[in-house]
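Please consider how charged side chains pair in the protein shown below. The paragraphs that follow take up selected pairs in turn.

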Amino acid sequence: MNLPQSKDRQENIPDGVSQYVSPHMTKTIGLLEFDRIKDAVANCALSAEAARIICEEIPLFDPAKVRIRKKLVSSFCELIKNNDGEKRQEFPETGFLLPRFAVEGSVLDADEALAMGLFLERGEELRRFILNGTEQENENTIALRELAESAPDCSQLTAAIFRIIDKDGSVRDLPEIKKIRRRIQDLGKDLEQVASRFGSDENTRRMLQSGLPSQRDGRLVLAVKANFKGRIKGIVHEVSDTGQTIFVEPEESVEKNNQILIEKANLEAEIRRLLRDLTNTLAEHRFEIEEFHRIIINLESLRARARYSLEMRRGCCFAEEPAGHEKSTVLALRQAHHPLLGKSAVPIDLELDCNTRMVIITGPNTGGKTVTLKTIGLFALMNQAGLALPAADAVLPIFDAVYADIGDEQSLSQSLSTFSAHMTNIAGIIEEATEQSLVLLDELGAGTDPEEGSAIAMSILDHFIETKSTVVLTTHHGMLKNYGYSREGVENASVEFDRRTLSPTYRIIMGIPGESRAVDIAAQNGFPPVLIEKARSYLDDERSDVSALIAGLKEKHRELDNASRSAKKEEKRLREDRREADLKALSLRQKEHFLRQEGASEFRRFLSESRKGLENLVREIREGELTREKTVKVKDFIRDLETRSAAMGAALEAEELSLMEMAAEIKTESDGLVRTPPGAVIVPGTEVLAGNSRQKGTVIRRDNKKTAAWIVETGSVRMSFSESELFPVKNTNQSSPKTVGWTTELAQTETGPKLEINLLGMRLEEALDTLRRQIDVAVLAGLREFSVVHGKGDGILQKGVQDYLRNDPAVTDFYFSRPELGGFGRTEVVLK
């Protein structure tokens, strides 16, 4: 086989394994139970080797690698959802075989060769599934396709393996093998005939325990009764435990048994030779096999991540990165479910803008504060492992590390109290955390005197504000609630508590601190009522006032939130109702305008025909007796027709302009723009929507060549528009969706299209350019018919004009004029 040899070899080390991880980071991964996520992902893999890589990996902290991983996994998700041809078969483990290809004289056995063949075959199926599903390349799938294309083609090696090995692991019946097996079968039949003779002979049959022969050490023997020992000549191989049966190999079968053993040895030698040759062939291409193995295992680990993402019980999404501009969201989770809590997970919402780097969450015990911390941390790790998140929407930056101090760290063996253990852990986090780090602190300052604990907690938070780390913490200390109001970049939040049911709702409320509600929770959990009342009596009036204030703030926040949602719904409904009504009115007027246009077209055709008839009449009159009365009468008739036509045309233009304005108003409202009130003055610098396409532009100056027209700059193009085509606008607070369009500037030397253009005396190129401009302005002006005078001459202009008209999509028909109007020297053009 002539397979290409690979010169470059990449080490099969996953990105997540080759990174250094500090002890504090390792501890955080354990606290957040990220290993359980990895186990769930590994269970989706069809390869034990891919599953091990997933379990050994840690999240990535290189932004470029995170983006690539997420793009690959999201592409795999789309590929699986949109294609039905995926084959899901287990990949045999073959990584341990790869080093043996480098050892001279190494030979794979049949099972090992089968495993390698199945791996190469199924790996190629996976590669083909990706390539077939990404034939129409786009920005999202190109990276996945390139990765699949980079795998070497090992189809010839697969064919070489299965030429020798069957899919059941046995060696195929090749000519050499078949010949040896036939000889063994023939010798076996001869032995059966020998045994049959002993069983059929009356003299020897009574000496046998059984008429059927047996096998001992791969040789055919007879079961002879002990009292007939020596009567059948041969070699004794075994005596039964009871001593009643002796297993004798008759002299007649010794040679044939020997021959069978020799042939079996020959068969084993031939099989070994075939496997040795196959192994040598594979060893010659070991670099290709190693590269193929590395890429396929990588692809399977990506597919497992995609499968995990798709198999989540709830909807999932891939987190977006922060936009990076002012007022952008730095971290946001909407309807986020903790992935390990199953159906019991309550969704949370949390959002930090670019001015907030720290959130202090307060509220009652069992209210969901710690679960919120773990959800945030786990989402950050999952995002940087390339996994989708169980949330409706998510915005997460790429952190260089995630640190957490959660739970009771008390250690009797190390003489550490709860407080000491927390301080030891946080001290390590302080040393390592940077501006790009996420820090999660649970019950900060707990486990010691509240006043001193709060002081230490505030000093810790001051440090993290200076380092600009992203910090989310929980606490019960009242001093830290005040800290959230007095420090820039810090925001309070609370877990909601239902005062009617005296139970938490697990909803996060941003901007308002929460009460611990310890007394209420104690009462809910069976604490003696007498002691509850006594506890309430110890709460001083100031504390009660603060509690009432917080409760009032929460109630106002809830009312404002509900009112805001209701107002938004009502505004949306009214906007839709108004838009639908405007669209209906516009549709009716468009239909009316269409009918009028049809009538005008009919009238123009009638006018054209009448004009031609009258011209003939004038010609006849001139040929006969010509009187001034007849001439005046004819001219009055023509003038009256032209006046009526012009009036109808003006009315149609006015109606069309009105429709354009109405359509612009509807589009402007739907785009989030507000029209300037009628009568607004257009001056240089005014922002306008220009023309039929409603291109947004800026007025530069008046157009000196036209009346009531302005030069408007749209993008990099400056165009002339009449004042009636310009619609001044101003931006609202809402962001307008960007529209992308194109416009063409028509250089016109005339004010409008002509009913007849004269090309006589022009070169062909100049004549065609004049014809092209005439068609463009005629289409824009609504003129459907005009004439082209090109003359007869050598026929060059005539042929060139008609060839151009034949290929112009705006032309529906053209034909030579009637003889009295120019005949073959004049062409009538009809536009669509």
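Arg52 is partly exposed, at 39% relative accessibility, and Glu93 is likewise partly exposed, with a relative accessible area of 36%. Here, buried means under 20% relative accessible area, exposed over 50%, and partly exposed in between, with a 1.4 Å probe and protein chains only. The model is predicted: local features need pLDDT of at least 70, side-chain atom pairs count only at pLDDT 80 or more, and totals for chains, interfaces and linings use all residues. Residues are numbered from 1 along each chain as its sequence is written, and side-chain values use heavy atoms, leaving out hydrogens and water.

Side chains of opposite charge can pair when their charged atoms come close. A salt bridge is defined as a side-chain nitrogen of Lys or Arg within 4 Å of a carboxyl oxygen of Asp or Glu. By this rule there are 36 salt bridges. One of them joins Arg52 to Glu93, with the closest N and O atoms 2.6 Å apart. This pair links distant parts of the chain, 41 residues apart: Arg52 belongs to helix H3 (residues 48–56), and Glu93 to the loop between helix H4 (63–82) and helix H5 (110–133). Helices (H or I, at least four residues) and strands (E, at least two) are DSSP runs, numbered from the N terminus.

Another salt bridge connects Lys799 and Asp803, whose closest N and O atoms are 2.9 Å apart. Because these residues lie four apart in helix H21 (residues 796–807), about one helical turn separates Lys799 from Asp803. Lys799 is exposed, at 54% relative accessibility, whereas Asp803 is partly exposed, at 27%. Elsewhere, salt bridges that share partners join Glu86, Arg88, Glu300, Arg303 and Arg307 into one network.
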